[in-house]
Amino acid sequence: MTDRRPEMTAVRERVPPRVGEAVRGQGRLWIPAAAALILALTYVLPPFRTYQLATVGAYLCVTAGLTVLTGLNGQLSLGHGALMATGGYTFALAQNALAGRGQWTLAVSAAAAVVVSTAVGAVVGLAAARLRGPYLAGLTLAVAVVVPSITSTFDGTFNSDQGLSIALDPPPGVIPVERWQAWLCWAGALITLRLLANLIRGRFGRNLRAVRDDEAAARLAGISVARTQVMAFVVSAACAGLGGALFAMLAQSVSPGAFPLALSLFLLVAVVIGGLGRLTGAVWGALLLVALPALANSVTDRIDAPRLEGNLPLALFGVVLIVVMLAAPGGIASLSRRVRDETHPDRASRPRPSRRLFRQRRR
Amino acid sequence: MDRFVFLTFDGLSRGAVYAAFALALVLIWRAARIVNFAQGAMAVATAYAGYSVVSATGSYWLGCAVALAAGLVLGAAVERLVMRFVDHSSPLNQVVVALGLVLVIQAVLGMIYGNEYRPAAAPVSREAFTVGGVALLSRFDLFVFGSVAAVVGLLLLLFTRTEVGLRMRAAAFAPDVSRLLGVNVGGMLTLGWALAAAVGSLAGMLVLPTELGLHPNAMDLVFVSSFTAAVVGGLDSPVGAVAGGLLVGLLLSYVSGYLGATVAPMAVLILLVVVLLGRPGGLFAKSTARTA
Amino acid sequence: MTALLEVAGLTAGYGGAPVLHAVDLTVEAGTIVAVLGANGAGKTTLLRTLSGLLRPTAGRVMLAGLDLRGVRVEQMVRHGLAHVPEGRGVITELTVDENLRLGGLWRGATKGDLAEVYDLFEPLARRKKQPGQQLSGGERQLLALGRALVARPRLLLLDEPSLGLAPKVTAQIMGLLRTLRDSTGLAVLLVEQNARSALSIADAGVVMTLGRLEPISAGDDLRHAYLGF
């Protein structure tokens with residue numbers, strides 16, 4: 001149902017056809033450079049730091065997908081912790097079934113995790129596609145709170161609260177475990193980033209933003225709003241599933257306690273603070289997710305305060321989120337708008353329009 | 001048949017709590033056009049305060065009163081010190097800030113009281129009376145019904161018969177016009193939050209004796225169930241909130257009773273999905289508006 | 001003797017370019033001043049700035065010698081300033097009676113005070129318990145006016161009362177305003193596009209063009225100057 005009126009085509013032509021490429025031209029070198037850096041780090045860092053590096057990689061898969069969903073497409077999801085859990089448990093079940101046959105089982109288990117969480121993401125996404133604002137948040141919150149209880153219902157398979165331990169082969173050759181895991185996690189992360197960057201650069205990215213900014217206009221321009229919303233959800237779910245699988249691999253186990261509601265909220269914090277809709281922001285967010293709890297733990301280790309231990313990171317994340325939201329003058333919209341100005345070089349060169357008063361998406 | 005009757009009464013009792021909590025959500029929705037995602041965490045916090053008083057003094061009633069008072073204060077404080085400063089251009093901003101509050105509140109509770117489950121005793125017996133061999137209600141159930149009915153009645157009187165209630169309604173329906181008429185709209189908003197939080201606190205004190213115990217996350221599922229109840233009834237409708245709450249309570253009770261307790265949360269999620277897809281304005285809605 | 005309302009150099013806008021440019025205006029007690037002008041001239045912005053809904057960027061507003069700068073909107077009614085906004089502002093979810101009571105809350109208006117208003121606006125008396133939703137345009141205008149009057153203002157800011165009303169109803173409302181001025185000494189700042197009806201009761205008039213005010217001399221010259229007859 002594309003609109004062929006002359007005005008519409010004129011609008012489309014005004015936007016430079018290779019917008020993303022102009023900015024991300026250097027993206028071609030970005031990934032190999034990052035890969036080289038990570039590789040170097042895994043040889044230089046002590047084992048615990050390497051493990052933390054691996055964790056950052058695992059988180060990065062999730063934050064990248066979530067920042068696309070919430071930042072570029074404007075859908076607020078509080079349920080991505082549950083999607084990670086889906087990936088993690090699938091990985092665990094697949095790996096335990098295939099254990100001992102060689103390193104390739106990891107790839108198969110990870111693929112299974114991605115497939116299952118994509119399917120779950122599609123189901124949730126279909127339900128969510130027509131929801132907005134607090135209704136969407138409420139639905140995804142329900143998903144995050146309810147999904148752990150599934151492990152209790154089918155406790156034959158999932159072993160309810162104790163969870164499952166995962167049979168993993170030792171790394172090939174004499175590579176230390178942490179280094180091997182860091183390679184795997186970052187391989188996943190960099191592949192995810194590459195795929196997402198390609199997606200965003202093209203029509204999909206434009207559609208995402210168009211729907212976020214003005215649904216009615218997007219519809220008039222021939223974009224299928226529902227399909228875009230669902231696709232965004234599915235893509236981010238796939239990323240979360242991969243992240244969850246890598247997580248499970250790092251922990252060598254899965255349990256409901258590893259995927260609490262707080263995890264979904266942490267992901268939200270990471271994405272909001274990192275910079276909504278920006279893939280580099282996802283990197284910052286992933287770093288934050290590892291650095292902040294580590295920082296909090298170093299504090300609580302010094303004071304002997306067992307009650308502080310799990311809770312200080314929560315408090316810090318919460319405070320940081322509130323402060324950032326209050327400080328940003330336009331709230332979420334301004335945090336994502338900064339991204340828009342950066343990715344459209346023609347707009348960046350024009351004088352900035354005064355702060356729009358009517359930010360709410362017109363329906 | 002006996003089981004069905006028992007489950008029905010049990011469900012209505014649970015439902016009354018969800019009704020109260022959903023009412024709190026609707027109150028804030030009507031006043032400020034936002035869903036207070038921190039409502040559950042706020043209720044837990046005041047319940048901790050309440051139960052501290054209970055263990056210190058031995059009196060549940062005093063503890064309840066303290067919890068309600070703490071709710072009033074906490075609701076007013078959250079509105080005045082945090083929510084007021086959030087950018088209003090998009091409803092998502094306040095949702096995100098509320099979630100930040102959830103993190104902070106749950107963390108602080110964990111830091112002060114620890115993360116183990118603490119006992120939350122009921123003030124009166126939870127044993128069901130039997131009539132003709134059929135287990136019906138317990139004293140506690142009656143207490144729950146009575147409290148919720150009293151609160152709903154009081155709120156009704158407040159809003160329809162008092163000057164304050166008139167001001168609050170005017171401030172919610174037409175803030176600018178109300179200001180021109182001399183209504184302190186900001187103050188009415190704070191009052192709305194305070195009342196809603198107090199109602200949430202009451203719901204918390206009523207539901208915790210039936211749960212595993214007092215814990216920073218104890219109200220998470222209650223929030224989800226009450227949110228579902230509010231959506232079922234239509235976020236704009238206080239009557240709908242009560243009806244929705246009872247419906248959700250009954251549903252959970254039957255599912256728990258016949259299919260197993262662990263399936264109950266799934267039932268809530270399915271109900272939520274069904275209502276959001278089918279009649280997002282709630283079962284009592286006149287139109288089918290899908291957006292906030 | 002100071003005028004009831006004195007406005008000097010008032011400049012205001014909605015972020016970006018100003019809508020009002022250094023507006024000067026005077027309203028004497030017990031008079032009706034008509035503010036005429038085309039759509040978008042800034043008439044509504046003027047009233048909103050006077051009642052505090054919009055903060056001016058420059059200029060001064062004095063009400064009976066009191067500087068209104070910094071006075072919050074909720075306090076305006078206590079100083080005797082009532083504003084019936086564009087669109088009337090009838091709260092449709094509340095009943096007629098509730099709308100009226102709301103107007104009088106700040107001064108503790110009694111049933112007697114409300115009865116006076118019901119006497120003046122007979123159609124409202126018949127619909128006391130009906131929600132504002134069910135009133136016609138003319139009835140809503142009466143309700144908005146009545147609600148403002150319950151507050152016993154000295155100065156009434158009225159934004160396009162004739163909008164959407166039949167000529168007969170408009171004439172009734174204008175007549176009502178004239179009666180109120182004569183019997184209670186109410187001053188009215190009347191924003192209108194319907195120049196003819198406004199000028200038929202006005203003691204003085206101004207014309208607003210693109211945010212700037214130009215006075216017209218008082219009395220019959222008004223009609224003559226503006227409408228040419």
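**Notes on a three-chain predicted model**

1. Is H9(B) buried or exposed? Of its 14 residues, 14 are buried, so the helix is largely enclosed by the rest of the structure.

2. Now for chains C and B. Here 19 residues of chain C are in contact with 15 residues of chain B. Helix H2 (73-76) and helix H3 (96-104) of chain C each supply at least two residues of the chain C side. Which helix gives the most to that side? H3(C) does, with four residues. By class, the side of chain C that touches chain B has 10 nonpolar, four polar and five charged residues.

3. Next, the core. The largest nonpolar core has 287 residues, and the members touching the most others are A:Leu139, B:Ala19, B:Ala20 and C:Leu190. Take B:Ala20 as an example: leaving aside neighbours within four places in sequence, B:Ala20 is in contact with B:Val148, B:Val151, B:Val199, B:Leu202 and B:Ala203. As background, nonpolar side chains tend to be buried together in soluble globular proteins.

4. Chain C has a four-stranded open sheet, ordered E2-E1-E4-E5, with antiparallel pairing. Strand E2 (18-27) and strand E5 (66-67) of chain C are at the edges with a single partner strand each, so each has one side without a neighbour in the sheet. Inside the sheet, strand E1 (residues 5-13) and strand E4 (residues 58-63) of chain C run antiparallel and are joined by five bridges. If you want a spot to look at, C:Thr11 stands opposite C:Ala58 in E4(C).

5. There is also a six-stranded open sheet in chain C, in the order E6-E7-E8-E3-E9-E10, and its pairing is mixed. At its edges are strand E6 (81-84) and strand E10 (212-216) of chain C; each has a single partner strand, so one side of each lacks a neighbour in the sheet. Ignoring direction, neighbouring strands of this sheet are turned by 20 degrees against each other on average. E6(C) and strand E7 (residues 155-159) of chain C run parallel, with four bridges between them. One of the pairs to look for is C:Ala82 with its bridge partner C:Leu156 in E7(C).

6. Finally, what does helix H1 of chain C lie across? H1(C) lies across E3 (32-37), E6, E7, E8 (187-192) and E9 (204-209) of chain C, running at about 145 degrees to E7(C). Helix H1 (residues 43-50) of chain C also touches E1, E2 and E4 of chain C, and its direction makes about 70 degrees with that of E2(C).

Note on methods
Residues numbered from 1 in each chain as written. Chains lettered and ligands numbered in written order. Predicted model: local features only at pLDDT ≥ 70, side-chain atom pairs only at ≥ 80, totals over all residues. Contact = placed C-beta atoms within 7 Å. Nonpolar A, V, L, I, M, F, W, Y, C, P; charged D, E, K, R; others polar. Pairing = 2+ DSSP bridges. Axes fitted to C-alpha atoms, helices over the stretch in contact; angles between N-to-C directions. Buried ≥ 20, exposed ≤ 12 C-beta atoms within 10 Å, placed from the backbone. Core = buried A, V, L, I, M, F, W, Y, C linked by C-beta atoms within 7 Å.
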